[in-house]
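Here are a few notes to read alongside the model.

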Amino acid sequence: MGVAVYATVLLLADGRFPAGGHAHSGGVEAAVAAGAIGDPATLAAFLAGRLHTTGLTGAALAAAAAGGLDPARLDEAADARTPSPALRAASRRLGRQLLRAARACWSDPLLAGAAEAHHSVVLGLVARAAGLDPAQAAMIAAHESVNGPATAAVRLLGLDPYQVIAQLARLAPAVDTVAAQATEAAAAAVRSGEVDLLPSASAPLLDLYAERHDSWKVKLFAS
């Protein structure tokens with residue numbers, strides 16, 4: 001991997017990239033309210049579950065988009081894999097914000113002509129426009145599926161950030177594994193043109209949390 005590619009991966013994976021991710025908890029705010037997360041151990045279990053379900057699905061969609069599969073078909077596939085209307089709305093909002101930020105960074109025609117779509121699909125398109133390959137797009141998506149929620153947990157619960165970052169470090173091998181699984185599935189989908197070959201792992205509790213959270217009048221995070 002060249003130096004410029006390393007820097008681009010780090011740029012897109014950085015939580016400070018102005019794509020709006022800091023405003024979303026990835027289900028953590030509702031899980032905390034439900035008593036499912038209260039300390040580093042329960043947070044670790046939540047993050048592992050998220051990584052292996054919605055994290056895998058999102059990483060595969062991102063890798064497929066980076067590999068050149070039709071974004072419109074991938075967007076339909078993302079819709080079908082997101083039962084919660086609240087989560088679908090949040091994903092499209094994040095996609096719009098990421099596309100806006102990426103257009104300021106890269107003047108690729110792929111981004112100029114891109115339609116609004118789910119966040120994972122846009123992430124794949126942005127990765128491709130920035131010169132990254134499907135495996136790198138999958139890695140960024142898998143990383144984001146746990147990093148943002150972990151940061152939200154620190155803000156919501158006042159957890160020791162050293163303990164939380166240690167949990168993320170322990171998850172690193174699993175992030176690698178999920179990214180590799182997503183890349184392999186995306187490669188098969190790109191070769192055959194069949195989006196149905198992409199993973200459809202889901203987490204029904206996250207869908208329920210999202211609908212409950214969307215009904216709250218007072219909340220810290222948008223989702």
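1. Let's start with helix H10. What covers its buried residues includes helix H2 (28–33), helix H3 (40–66) and helix H5 (85–105). Keep in mind that this is a predicted model.

2. Which residues of H10 (residues 204–214) are buried? They are Leu-206, Asp-207, Tyr-209, Ala-210 and His-213. These residues sit on the same side of H10, because they cover an arc of only 165° around the axis. Here's the handy rule behind that kind of pattern: an α-helix has 3.6 residues a turn, so residues three or four places apart point the same way. Now look at the face of H10 turned away from the buried side, and you'll find the exposed residues Pro-204 and Leu-208.

3. Zoom out to the whole protein. You can count 10 helices and 0 strands. Buried residues make up 48% of the 223 residues. Among contacts with a separation of 6 or more, 78% come from residues 24 or more positions apart.

4. How about overall size? The C-alpha trace spans about 45 × 35 × 30 Å along its principal axes.

5. Finally, have a look at the second largest pocket, with a volume of about 160 Å³. Helices H8 (134–157) and H9 (161–192) each supply at least two lining residues, and H9 gives the most, with 5. Among the lining residues are Met-139, His-143, Leu-168 and Asp-176. By class, the lining has 6 nonpolar, 2 polar and 1 charged residues.

Note on methods: Residues numbered from 1 in each chain as written. Predicted model: local features only at pLDDT ≥ 70, side-chain atom pairs only at ≥ 80, totals over all residues. Heavy atoms only, no water. 1 Å grid on protein atoms, 1.4 Å probe; cavity = no way out; pocket = protein on both sides within 12 Å on 5 of 7 lines; lining within 4 Å. Points joined across faces, edges and corners; volume = space filled by probe spheres on them. Helix = DSSP H or I, 4+ residues; strand = E, 2+ residues; numbered from the N terminus. Nonpolar A, V, L, I, M, F, W, Y, C, P; charged D, E, K, R; others polar. Buried < 20%, exposed > 50% of the residue type's maximum accessible area, 1.4 Å probe, protein only. Arc of directions from axis to C-beta. Contact = heavy atoms within 4.5 Å.
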